[in-house]
Amino acid sequence: MNTQHPSPRVPETLFGEPELEARWRARFSAARVSLPDWALDAPHARLYVSNAGGVWEIYAWDQATDTHRQITDRPNGTLHGTLSPDGAWIWWFNDTDGDEFGTWVREPFGGGAKPEPALPDVPAGYPAGLEIGHRLVAVGVSTDDGSALYTHRDGRTELFYSNENDAEVAALSRDERLLAIGHSEHGDSRHPALRVLRSDGFDVVAEKWDGEGKGLAALAFSPRKGDPRLLVQHERRDREELLVWDVEADTETELDIDLPGELIGDWYPDGEALLILQFDKGRSKLYRYELATGTLTSLDTPPGRIGGAGARPDGTVEYTWSNAAEPPLVRVREPGGEDRVLITPPGERAPGSRPVTDVFVDGPGGRVHALVSTPENKDRPLPTVFLLHGGPHSADEDRFSAYRAVWVDAGFAVIEVNYRGSTGYGSAWRDAIEGRPGLAELEDVAAVHDWAVSSGLADPDKCVAAGASWGGYLTLLALGTQPDRWAAGVAGVPVADYVAAYADEMEQLRAFDRALFGGSPSEVPDVYERCSPITYVDEVRAPVLVLAGDNDPRCPIRQIENYLDRLAARGMDYEFYRYDAGHGSLVVAETIKQVAIEVHFAQRALGLV
C-alpha cells in the first residue's frame, strides 16, 4: 500500500507572548558541552561534543593553550569520538546520515590533515567497542552476520574473535598485554559474560559468567602498567554493584559499599581508589572509595543528576551536573573541596525551568517511582502529558530537560514514569518485562495515571502519551491497549510493527529482542503479536502524531509505514513527520521544529488552541 500520509502543521510560534516563545527556544539553542575526555598520557589534549554551531559536533580543546577547534562538520552531526593515548590523534565514527553504520576515521589533534581511514582493513559495520593503545588497537564491528573483533598492530590487522552472538571490545590493560571482551555466547545479550585474552596470541587468561539473568560489564583495567586488576560491574544481589578482578590470579574482591541504589565506577589515576557514581531514585552522587581500607567519602555534589565523571591525574574530579530546574554545567572539584565551573560554552546559558517532585504509586509489580513537574499558578485538574522514556533500560532523572520544560510552559503537568524495565531500581525490576515487554510497563503507567486522576492533578479527558524510541513504542501500544486513558499520542521513532522491525533492525537489537521476548518472531510468534502495537491498531481512537527518520537502524521506517497504512485505511486522525536523519536529529533547528510540531499537535488534539 502506497499511502500519502498527512503532514503535521508546523506552527510559527507556540506562545503568544514573545518572552515565553524566546525562552523555550533558547533552552534548546543555548550552547552546551559534554564532559571533556582527555588523552591518557597527554591530559591537556581534550575532546568534547557541543551544539555551539547549531549541530552536535566534536571539538578539540588544547587545555595548555586554552584553544578550541571544531573537528567534525557533517549535515546530521557527529557524536562518537575519542583520543589516542598520546594525544596525537582524534578518532571519530563516520556513519551515513545518522544510520550508525560506518567506520572509524582519524585526524591529527593539531589539525593540518584531512580525516583518513583509521583501520582500512576492518570492514564497515555498527560499532562494538574500541580500545586504542600506543602499540595496539582493538575494535569491534557488528553486522547481520554477528560480531567480529579485530586488533591492529605493527601495520597488521587480525580478526581474533567472531561469533553469531553479540560481543564487544570492552577494556585494554595499561601495558596492552590483556584484552577484555564482553560476549553473549550463552545466547543472552542483555546479561553478558566476560573473557580476558592475552593480546599476543589471544590465549584465554580468564573467564567470568555469573549465570542466567546476571550480567557482567568490564569497566576498566587498573591505570597502573603491569597491574592485571579489572573493575567489573555485577548484579549478584539484584542490583548493579562493583568488584575488582585480578584476571591473572583469577581472584576477585566484591566491594561492600553501603549505599542504596545502583553503582558504577572508574579508577583514580593512582590505582589506589575508585570514583563511584551512585544512582538512586532518579538522582546521583559521587564518592571516593579507598580500596585498601574500604573508606567511602562523599564528594558532596548538589542534588540532581550527574551525567558523567572522571578523576584527572592531578587529583581533580570533573563531572557534568544538572537538575530539573537548572541547566547543565561541567564542573571540577579540587582535592581540597573547592568546586567550580570547568568550561563555559559561548553565549547565554539556557533559561531554567520548574523542579520535579517525587511520587510513589503502588502498581501490580511493586512500587512505581514517578517524577512530576507542574506549571505555576494553574488551576487543577491540568492537561497532563506522560513522557515515557526510551531504552527500555534507562530511567527518568532529576535532570534538566528542555523538552520537559516546554510542555510545562504550555500549561501541561508532566509525569515521567520509571516503569518496570527501568534501570536504577534493581535487576528484578529491570528484568520484570521479560516475556511481555510493553504490556508490563503500561500496567505501571496505568497505575500512575490512576493516581494522577484521583489526586486531582490530571484532567482525565486531557491526558497525552508521548515518547521516543521505546517510549514511542509504548505510546503506540498504550493508544491501542488503553484507548480510554488517552486523548492523544505523540510517538517519535517508535517500534510500531514489531515483526517487521525485527526483520529490518540492526543485529545488536535483534539479539536484544531475542533475549527480551524469549526468542525470534519465528520462535515465539505469539509473544511478538501480543506485544506489537500494530496488533491493536484497530482499537486506537485518539489522534496520533508519528515522527520518524529515514535512516533509522533501530526503529526502521518500513514497519512504521505499515502501522500508518492501517491508520489510513481506518480513516483515523493522524499525522506523520518524516525527516532525513537516523534515530533522532543532532541538528538544533530540526529539534526545535519537531518539538513545536509535537506540542502544537497535542494542544490541537485537546482543544487548547
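Predicted model: local features only at pLDDT ≥ 70, side-chain atom pairs only at ≥ 80, totals over all residues.
Guide: A strand here is a DSSP run of E with at least two residues, and strands are numbered from the N terminus. In it, E241 sits in strand β19, which covers residues 241-246.

Visitor: Why is E241 called buried?

Guide: Buried means under 20% relative accessible area. E241 comes in at 5%, so it counts as buried.

Visitor: What makes the E241 side chain a partner in polar contacts, and with which side chains?

Guide: The cut-off is a pair of N or O atoms within 3.5 Å, one able to donate a hydrogen and the other to accept it. The side chain of E241 makes such a contact with the side chain of R237 at 3.2 Å, and another with the side chain of R239, also at 3.2 Å.

Visitor: Let's move to S173. Where is it, and how do you know whether it's buried or exposed?

Guide: S173 is in the loop between β13 (167-172) and β14 (178-183). Its relative accessible area is 3%, and the limit for buried is under 20%, so S173 is buried. Its side chain makes a polar contact with the side chain of D175 at 2.8 Å, which is within the 3.5 Å cut-off. Not counting residues up to four places away in sequence, S173 touches L178 and F221.

Visitor: What makes β1 and β4 edge strands?

Guide: Start with the sheet: it is open, has four strands in the order β1-β2-β3-β4, and pairs them antiparallel. β1 (37-39) and β4 (67-70) each have a single partner strand, so one side of each has no neighbour in the sheet. On average, neighbouring strands of this sheet are turned by 30 degrees against each other, direction ignored.

Visitor: How do you know that β1 and β2 pair?

Guide: Pairing takes at least two bridges between the strands. β1 and β2 (residues 42-50) have three, in the antiparallel sense, so they qualify.

Visitor: Last stop, α5. How do you know that its length agrees with what a helix should span?

Guide: At 1.5 Å a residue, the 12 residues of α5 (470-481) should span 16 Å, and the end C-alpha atoms are 16 Å apart, so the two agree.

Visitor: What makes α5 "mostly covered"?

Guide: Of its 12 residues, 11 are buried. Among them are W470, Y473, L474, T475 and L479.

Notes
Residues numbered from 1 in each chain as written. Heavy atoms only, no water. Expected span 1.5 Å × (residues − 1). Buried < 20%, exposed > 50% of the residue type's maximum accessible area, 1.4 Å probe, protein only. Axes fitted to C-alpha atoms, helices over the stretch in contact; angles between N-to-C directions. Contact = heavy atoms within 4.5 Å.
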